[in-house]
Amino acid sequence: MIYYNHHRPNFLFDRYQGNPILIPDRWPYPSNSTFNPGAVRHNGDIMLLVRVEDMRGFSHLTFARSNDGKTNWQIDEKPTLLPDTDFNEERWGIEDPRIVWLEDLQKYAVTYVSFSKDGPVVSLALSEDLHKFERRGAMLPPEDKDASLFPRKINGKYTMIHRPIIRGEAHIWVACSPDLVHWGDHQILLPVRPGWWDSTRVGLGPPPIETDEGWLIIYHGVRNTVSGSLYRVGLALLDLENPRKIRKRSDQWVFGPHESYERVGDVPGVTFPTGIVHDPVTDELIMYYGAADTSVCLATAKLQDLVDHLLNCSDSMEEGFCI
Ligand code: BMA
């Protein structure tokens with residue numbers, strides 16, 4: 001018998017007592033798993049664009065909405081975004097969306113992973129109202145995942161964080177574009193840290209959050225073990241006007257698999273945050289994450305506590321990480 005505490009001292013995030021909030025057994029149509037949602041506040045509701053895996057093993061995206069972001073979820077009866085046969089790269093499904101409101105276009109930008117025999121790529125869809133979507137197709141070549149745009153242009157350009165795999169190395173990269181089509185200024189932003197908890201792969205979690213101290217980055221870090229991969233969560237703070245400059249990176253993970261719903265599922269030992277909403281009045285952040293590639297869960301924190309934690313991290317940076 002394993003005993004779990006919901007509240008462990010010194011942890012920045014509080015798990016919601018009602019976790020998991022969305023499970024495949026209570027989905028309005030047959031599904032194997034419901035996880036890794038994008039999140040956004042829209043017309044007074046919190047909307048989660050949930051990855052739903054069907055029993056062929058292919059994923060699509062469906063909206064669930066709630067007034068407080070925690071209870072009374074209304075799940076759409078039908079998928080919101082299905083793989084589009086006009087786009088070859090989506091043949092094996094679409095996965096793991098991140099959503100931002102793009103100020104200058106006055107549109108939502110959904111970046112999601114398209115999967116096919118050629119490998120995963122990051123695709124873009126734009127929407128004014130979260131009903132109609134304009135599919136823009138793949139942005140960069142495979143293998144690429146875990147991408148989000150920043151919510152505003154920085155120094156006149158769109159900026160995107162993404163995670164290509166190059167020569168087997170899975171670091172977090174940053175790129176810029178004048179038009180969301182042509183991407184350049186490619187650079188590694190947050191590398192894996194050999195030997196550390198985030199040694200095998202890192203990838204952006206939810207979209208970057210703007211704070212007075214810089215862009216808050218929540219990312220997943222993976223360590224391979226004899227019994228599989230462990231997906232935990234770390235933090236970084238990027239300079240506000242030059243997000244290629246890392247101000248801080250947490251040396252320890254701040255969230256990771258602990259509860260039974262994170263330890264047991266299709267892929268055990270996975271906490272995979274992809275969505276976040278912030279309430280500027282209470283400063284509460286709700287972080288939505290996939291647990292064990294099976295269900296959607298949430299954990300809360302105060303934005304200021306995360307920033308303070310980072311500001312207290314060591315300053316000595318080498319190759320992008322605190323030592
Ligand atoms: C990553 C992605 C996620 C998944 C995670 C753990 O590579 O494919 O969709 O949640 O692995 O299996």
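**Backbone and pockets**

Mentor: Pro20 lies in the loop between β1 (14-15) and β2, with strands taken as DSSP E runs of at least two residues, numbered from the N terminus. This is a predicted model, where local features need pLDDT of at least 70 and side-chain atom pairs pLDDT 80 or more, while totals for chains, interfaces and linings use all residues. Residues are numbered from 1 along each chain as its sequence is written, and side-chain values use heavy atoms, without hydrogens or water.

Trainee: Is the bond from Asn19 to Pro20 cis or trans?

Mentor: That peptide bond is cis, with omega near -10°.

Trainee: And what about Pro142 to Glu143?

Mentor: The bond from Pro142 to Glu143 is also cis, with omega near 5°. Glu143 is in the loop between β9 (134-138) and β10.

Trainee: Switching to the ligand. Which residues surround it?

Mentor: The ligand has Asn36, Arg51, Asp96, Lys145, Tyr231, Val267, Val270, Phe272 and Asp293 around it, each with a heavy atom within 4 Å. By class, that shell has four nonpolar, one polar and four charged residues. Nonpolar means Ala, Val, Leu, Ile, Met, Phe, Trp, Tyr, Cys and Pro, charged means Asp, Glu, Lys and Arg, and the others, Gly among them, are polar.

Trainee: How far is Asp96 from a ligand oxygen?

Mentor: A polar side-chain atom of Asp96 is 2.5 Å from an oxygen atom of the ligand. For Lys145, a side-chain N or O atom lies 3.0 Å from a ligand oxygen. Tyr231 also has a polar side-chain atom 3.0 Å from an oxygen atom of the ligand. The cut-off for such N or O pairs is 3.5 Å.

Trainee: What lines it?

Mentor: The lining of the second largest pocket divides into seven nonpolar, four polar and eleven charged residues. This pocket's volume is about 370 Å³, as filled by probe spheres set on the points. Its lining has 22 residues, with Asp96, Lys145, Tyr231, Phe272 and Asp293 closest to the centre.

Trainee: Which strand gives the most to that lining?

Mentor: β2, with three residues. At least two each come from β2, β3 (45-53), β6, β10 (144-149) and β16 (214-225).

Trainee: How much space is in the largest pocket?

Mentor: About 550 Å³. Of its 16 lining residues, Pro151, Pro208, Ile209, Ile276 and His278 lie nearest the centre. The lining has twelve nonpolar, one polar and three charged residues.

Trainee: Which strands supply at least two residues there?

Mentor: β2 (33-42), β6 (94-102), β15 (209-211) and β19 (271-278) each do.

Methods. Polar contact = N/O pair within 3.5 Å; in protein donor to acceptor, adjacent residues only side chain to side chain. 1 Å grid on protein atoms, 1.4 Å probe; cavity = no way out; pocket = protein on both sides within 12 Å on 5 of 7 lines; lining within 4 Å. Helix = DSSP H or I, 4+ residues; strand = E, 2+ residues; numbered from the N terminus.
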